[in-house]
Amino acid sequence: MAAEAEQGFRPLDEASLIAYIKATPALASRLGGGSSLDSIEIKEVGDGNLNFVYIVKSSSGTIVVKQALPYVRCVGDSWPMTRERAYFEASTLREHGRLCPEHTPEVYHFDRAMSLMGMRYIEPPHIILRKGLIAGVEYPLLADHMSDYMAKTLFFTSLLYNNTTDHKKRVAQYCANVEMCRLTEQVVFSDPYRVSKFNRWTSPYLDNDAEAVRQDDELKLEVAELKSMFIERAQALIHGDLHTGSIMVTPDSTQVIDPEFGFYGPMGFDIGAFLGNLILSYYAQNGHADQANDRKAYKKWILKTIEESWSLFQKKFVELWNKHKEGNGEAYLPDIYNNRNLLSLAQKKYMTNLFHDSLGFGSAKMIRRIVGIAHVEDLESIKDASKRAECERAALNCAKTILKGRRQFETIEQVIEHIQSFDRD
């Protein structure tokens with residue numbers, strides 16, 4: 001990192017944040033400027049693992065200000081973490097916002113030296129999707145919106161749309177987000193498969209299950225393949241952490257936030273993260289069921305959303321490919337693939353591979369959420385430890401079998417049947 005950037009950094013508290021906003025026209029104007037700035041209210045809402053997040057309100061407007069700290073917030077300064085992640089988050093938000101403004105909040109201001117971003121406030125009644133899933137709320141447009149977001153951001157940053165010169169320039173830019181990628185490599189693809197001080201699980205109920213993961217050689221070989229793909233395959237500009245805690249929703253709006261892990265990686269990592277987190281939510285529902293609501297209808301809605309998310313994504317992605325097949329994309333040159341049957345065969349093979357990648361990455365994300373460092377509130381909020389472990393074991397066993405057998409699945413409907421086969425309601 002540049003020395004001057006390091007020198008210019010200071011963590012802001014509420015008082016210094018107000019002074020910073022008043023001195024920054026791009027932010028002050030969003031709050032009305034002038035006398036509106038005399039009644040600023042600030043609330044710190046960062047419940048994630050890495051950053052400070054402030055909601056800043058005046059009489060004339062509201063913004064969100066996010067500042068990256070030089071360590072992992074949920075662990076402390078014993079785990080240093082690059083502040084440059086803020087640059088990649090702002091860059092990814094801006095690029096994805098250009099490609100899919102309907103589902104990406106606008107960035108108003110970015111200060112690289114301060115690792116600070118000012119952005120659109122996603123107003124109530126938006127809530128974090130994960131919290132809505134725990135509460136049993138149905139979101140009828142979620143699959144449509146998320147398939148739209150994934151199709152546009154992944155297609156338009158891939159070689160299906162871009163030439164190799166532009167693509168490699170962008171890959172080089174995002175290669176510098178190496179620390180965040182290494183964090184993913186450790187917590188998703190390494191730690192769950194070895195003894196690590198960071199791992200945890202619902203003990204003693206899952207002691208044998210965690211040990212079984214560490215002893216499963218077939219699983220380790222498959223995970224090694226996924227890890228290599230994650231590190232080596234610069235397929236598209238991915239969000240890099242597209243779980244249900246990175247999505248804010250109402251029944252008719254979906255906004256994707258927090259892409260600080262953004263880099264050029266395998267498309268299936270984003271798709272898998274989203275689908276895998278929905279599957280975790282499915283298995284958690286038994287732990288949230290009660291006499292008033294057995295959650296059975298809601299579980300059907302989650303399965304329907306998983307099915308529609310992939311089906312709609314596949315449809316929209318191929319439609320974009322067909323629409324732009326005569327463009328600058330260099331992966332499938334039009335003078336070679338101008339035969340409709342040949343292009344159709346190429347697309348079928350591409351989407352089948354992407355489906356299998358997504359299943360693999362989604363399963364790896366599920367496994368790490370059960371026996372790794374960071375768990376999901378869907379399961380953690382089940383107070384009865386034995387009941388929670390029951391839900392987690394079903395999810396873990398489902399994930400292990402999908403990861404190892406992912407190439408045997410031909411349709412998303414087969415995956416849905418497989419998920420249901422592990423459900424013990």
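This is a predicted model: local features need pLDDT of at least 70, side-chain atom pairs count only at pLDDT 80 or more; totals for chains, interfaces and linings use all residues.
Residues are numbered from 1 along each chain as its sequence is written, and side-chain values use heavy atoms, with hydrogens and water left out.

Let's start with the whole chain. There are 16 helices and 12 strands; these are DSSP runs numbered from the N terminus, H or I of at least four residues for helices, E of at least two for strands. The C-alpha trace spans about 60 × 60 × 40 Å along its principal axes. The radius of gyration is 22 Å, which agrees with the value near 22 Å for a compact globule of 425 residues; it is taken over C-alpha atoms, and the globule rule is 2.2 Å times the number of residues to the power 0.38. Of those 425 residues, 57% count as buried, meaning under 20% relative accessible area with a 1.4 Å probe and protein chains only, while exposed is over 50% and partly exposed is in between. For contacts, meaning heavy atoms within 4.5 Å, residues 24 or more positions apart account for 74% of those with a separation of 6 or more.

How many aromatic pairs does a search of the whole structure find? It finds 25. Rings of Phe, Tyr and Trp (its six-membered ring) pair if their centres lie within 6.5 Å; planes under 30 degrees apart are stacked, over 60 edge-to-face, and the rest tilted.

Why is the pair of Phe 317 and Tyr 350 stacked? Their ring centres are 6.1 Å apart and their planes are at 20 degrees, so the pair counts as stacked. This one links distant parts of the chain: Phe 317 is in helix α12 and Tyr 350 in helix α13 (residues 340-371), 33 residues apart. Phe 317 is buried at 0% relative accessible area, and Tyr 350 is buried too, at 13%. Both belong to one aromatic cluster, whose members include Trp 310, Phe 313 and Trp 321.

On to the cores. In soluble globular proteins, nonpolar side chains tend to be buried together. Here the largest nonpolar core has 114 residues, and Tyr 283, Ile 306, Phe 313, Phe 317 and Ile 419 have the most contacts inside it. A nonpolar core is a set of buried Ala, Val, Leu, Ile, Met, Phe, Trp, Tyr and Cys residues joined through side-chain atoms within 4.5 Å. Another core, of 17 residues, lies apart from it, with Leu 17 and Tyr 108 among its members.

Finally, His 145, in helix α6 (residues 142-155). Is His 145 buried or exposed? His 145 is buried, with a relative accessible area of 11%. Leaving aside neighbours within four places in sequence, His 145 is in contact with His 103, Asp 252, Ser 253 and Thr 254.
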